[in-house]
Amino acid sequence: MIRYSGYLMPTAKETPSDAEVVSHRLMLRAGMIRKVASGIYNYLPAGLRVLRKVERIIREEMDRAGAQEVLMPAVVPAELWKESGRWEAYGKELLRFRDRADREFCLGPTHEEVITDLVRREVRSYRRLPLNLYQIQDKFRDEIRPRFGLMRGREFLMKDAYSFDADEEGAAESYRKMYEAYCRIFRRMGLSFRAVEADTGAIGGTFSHEFMVIADSGEDAIVSCERCAYAANVEKAECEAPDAANPAFAISVGPPRRVSTPGKRTIGEVSSFLGIDPGSLIKTLVFETDKGDVAVLVSGRYEVNEIKVKNLLGADWIRLAAEDRVRALTGAPSGYAGPVGLKMRLLADHSVRAIAVGATGANEKDAHLADVVPGRDFSPETFADLRLVAEGDGCPRCRGALRFSRGIEVGHVFRLGTKYSKTLSATYLDAGGKDRLIVMGCYGIGVGRTAAAAIEQHHDADGIIWPISIAPFETAIVPVNMKHEGLVREAERVGEELSGRGIEVLLDDREERPGIKFKDADLCGIPLRVTFGEKNFAEGFAEIRDRKTGETERVEVTRIVDRVAAAVEAKRRECAP
């Protein structure tokens, strides 16, 4: 049992001015974190208790899945990152520095290079595979705009795991085990979540899922089918290819007509001026990539998905071309580009195939072309899924309607393949004595981010509503009058007995008004509150209040320990895997 009077949990009535989201506001007000610098925080005792509970659940499930815990250094030599090719590619989020001997290092934002180097030195035979190693460690990413408290910090606590297998079949099994372990982890934390297909991003690899906690405040858009189990983030979500337009519709159409469109450059302006549906406009966007310049075509009803374009090209980077580059390639300012006569690489989204006759930019200022027929007037190199999914689109799996929701990414699992084992020469000898590349997987969970996401999903106007498995305390005991010796003595006895039964108790022994104690217990999100009031105590009773439901039960003092223990056990079962 912990006594509040000696515990560092400084609550506050006012909302800090720099706190933008619920979790940030409530963790500051509940005395769980304090800011040190932009994106960097102190964890106070109650906040640290929450993190340690999240860690414990992660450790138990990782160990259950057969992973082994290690601890790698936070400071990583540049040689490893240069060997993998990520020293320059990772960008400014990688915090680089030199030691006194002028050797280059970085603070590890992730540890694929370090773990692969360890395994290539220690594992030489197929008999040592499969292997799964994990750590829980501080990471640092020099975010351009840290915000939202623990949701997007620069220094953060993360669990990262890495699997090593002899072949793709084994890697798929390791991936399945981690996927199932993650489901158990987040269920045990009492979270409503969805595993969605995702792009592999800077980590690389062939396949990945993000684990999203469903919350209206989530930064990420989640696309899911209302009919089947398909779900993906908006960057990865696949678009159902429409039926191609009937070419007979365009037989009688003459050649493209130049139409003067002074000052009309947006989809809305041009479609209104020409009196056509925006879906009949063929939007042409010019991109610069490490694979060369490319023009991407899409129906005016949709937006280009840069990630899909990047993946189709196999490019390391992609960006929308600057205005001067657009003029140099098309002869016109942005908003007037079109594929007819354009002398550069053309890629088209499937939506363009559904346009029998459309309109495009004329590659000159203040002009567009009407009566443009795809396939006759221009021919893309390929048609592919290159657009962002839209609300109501058909599901690529079952043709059901796709719907949008918001989520907070708390975990990510990757099929890396041989991306790192190849660049870092991590091989093993198979049964025939032949060198083979190790097949890898990577699996991360943001520890502090998960705690913050739990608050975003579980709160009300009075404060946090912690799931009991990650709450800083399971029960608060509140004697309303610290000068009433008999009442205080009984509250302490109940607290000691509950602690003896393995229940985590916070005894609010402060010399404060009852209202302040009640508000602080609600603010901090403690699942159960036992109140010893003078009137009830005189009649041999105390009150148990459920933080989540708000329900209050009046119970005889002689039965209070058993009743609280039963309520705690019931809440623990709610968070069982």
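I take two strands as paired if DSSP finds at least two bridges between them, with strands (E, at least two residues) and helices (H or I, at least four) being DSSP runs numbered from the N terminus. The model is a predicted one, in which local features need pLDDT of at least 70 and side-chain atom pairs count only at pLDDT 80 or more, while totals for chains, interfaces and linings use all residues. Residues are numbered from 1 along each chain as its sequence is written, and side-chain values use heavy atoms, with hydrogens and water left out.

**Entry 1, strand E12**

I looked up the partners of E12 and found that it pairs with strand E22 (residues 402-417) in the antiparallel sense over 6 bridges, and with strand E13 (residues 231-233), also antiparallel, over 3 bridges. Ile222 faces Ser405 in E22 and has Asn233 as its bridge partner in E13. A hairpin of 5 residues connects E12 to E13. I also noted that 5 of the 6 residues of E12 (residues 220-225) are buried, where buried means under 20% relative accessible area, exposed over 50% and partly exposed in between, with a 1.4 Å probe and protein chains only.

**Entry 2, the open sheet**

I then traced an open sheet of 3 strands, ordered E5-E7-E6 with antiparallel pairing. Strands E5 (75-77) and E6 (96-98) are at the edges with a single partner strand each, so one side of each has no neighbour in the sheet. E5 pairs with strand E7 (residues 104-107) over 3 bridges, and Val75 has Leu107 as its bridge partner in E7.

With neighbours within four places in sequence left aside, the contacts of Tyr182 (heavy atoms within 4.5 Å) include Met62, Lys159, Phe211, His412 and Tyr443.

I ended with Glu456, which lies in helix H12 (residues 447-457). Glu456 is buried yet has no salt bridge, and the nearest side chain of opposite charge, Arg25, is 7.0 Å away. Here a salt bridge is a side-chain nitrogen of Lys or Arg within 4 Å of a carboxyl oxygen of Asp or Glu, and for charge Lys and Arg count as positive and Asp and Glu as negative, with His and the chain ends not counted. Not counting residues up to four places away in sequence, Glu456 touches Val21, Val22, Ser23, Ala215, Ser217 and Ile408.
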